[in-house]
Amino acid sequence: MATITLLLPERTRLPGPLPAPVGRVLARADHESGEAGTRAQLARHFRLIPDHWPVAALTRLVDAGDGPAAAADEIWLRADPAYVAPDLTGARLLGWGENLALDDDDLQAFLPALRPLFGDAGFALDAPHPARWYLRLPAGTRLPPLTGPDEALGEDLFAALPQGDEAAARRWRALITEVQVALHQHPRNRERAALGKPAVNALWFWGAGQLPDAVQSRYLHVRSQDPLLQGLAQMAGAAIATPASPGDGPAGDSLVDMRRLRSLELLAGQVLPPLLQSMERGEYDVLQLDFEDGASLRLRHGQRRWQFWRRPLATLAADAG
């Protein structure tokens, strides 16, 4: 039974009324609920063995392009370039990674100043992508809990730093401070300011772990620009593409990443109608809409013809009836 699954943002990001024809069809779908959040959403479609969430190892697999075997025994930690700004009560993370518009000139300027700091600590700094930097850590390196930048964005920086008096926490707080001092004094930041770009005055450490032994998924085709999702797909043996339309590409179980979508009109007016027509022709059997808030709508071939007593969905947030 071939399935097309659309990964979608939280329903609150797609407000507004559904067109009546689409609302009638979706009202007949099975309504399910699950855990909210990016990790939970992806975990519904990929099973990692062992069960952990090594973001750095998975994204580096895509960025470095050297294959799982080359990094299977390595521990990787994201060390993403970041912009931190002081305020009256401390400092806040205001930008990181791709938001900072980094290029190869930035890499050539910043990396030579930072690598000795990490080398002294026994770590190797690697930057196969301008926006995503990595540390390779020796086996057995103890790490304190590290907050992801998406959780810390705009929040008080102190609350996101490693806490406690344990040796690992103290070590990483000291390293973070050394990095900030080196970047604050770096002349490349004056050049970036002249170009209207924010300073790179910190690194954000997160996503530590080793590649899983295996990743299992039902999907034969994954369409996404997200390096984490691409890394999961690569480990699962799925074909990876980034077509403009979820209807493009070969048949078979397909997962289509549309989490950046912010237009209900585009979803209901341009994306769903051709998929529903394709299902009506019997070209696939199941269409699933998986939302980041944990809600899911699953429509099976022929289901649009029955359960006709259900009231049409007025919005995506409407409860099943």
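R188 counts as buried, at 10% relative accessibility, where buried means under 20% relative accessible area, exposed over 50% and partly exposed in between (1.4 Å probe, protein chains only). The model is predicted, so that local features need pLDDT of at least 70 and side-chain atom pairs count only at pLDDT 80 or more, while totals for chains, interfaces and linings use all residues. Residues are numbered from 1 along each chain as its sequence is written, and side-chain values use heavy atoms, with hydrogens and water left out.

The side chain of R188 meets that of D103 in a salt bridge (3.8 Å, N to O), a salt bridge being a side-chain nitrogen of Lys or Arg within 4 Å of a carboxyl oxygen of Asp or Glu. This pair links distant parts of the chain, 85 residues apart: D103 lies in the loop between strand 5 and helix 5, and R188 in helix 9 (residues 187–194). Helices (H or I, at least four residues) and strands (E, at least two) are DSSP runs, numbered from the N terminus. D103 is partly exposed, with a relative accessible area of 26%. Both residues belong to a network of salt bridges that also links D106, E191, R192 and K197.

The structure holds 19 salt bridges. Another of them joins E98 and R132, at 3.0 Å from N to O. E98 lies in the loop between strand 5 (90–96) and helix 5 (104–120) and R132 in strand 7 (residues 132–137), so the pair ties together parts that are 34 residues apart in sequence. E98 is exposed, with a relative accessible area of 54%, whereas R132 is buried, at 9%. In the salt bridge between D80 and R78, the closest N and O atoms are 2.9 Å apart, and both residues are buried.

The largest pocket contains about 1,600 Å³ of space. On a 1 Å grid over the protein atoms alone, a pocket is an open set of points where a 1.4 Å probe fits, with protein on both sides within 12 Å along at least five of seven lines; lining residues have an atom within 4 Å of a point. Grid points are joined across faces, edges and corners, and the volume is the space filled by probe spheres set on the points. The lining comprises 45 residues, of which T38, D150, D226, R259 and R260 lie nearest the centre of the pocket. Helix 2 gives the most to this lining, with 3 residues. By class, the lining has 17 nonpolar, 12 polar and 16 charged residues (Ala, Val, Leu, Ile, Met, Phe, Trp, Tyr, Cys and Pro count as nonpolar, Asp, Glu, Lys and Arg as charged, and the others, Gly among them, as polar).
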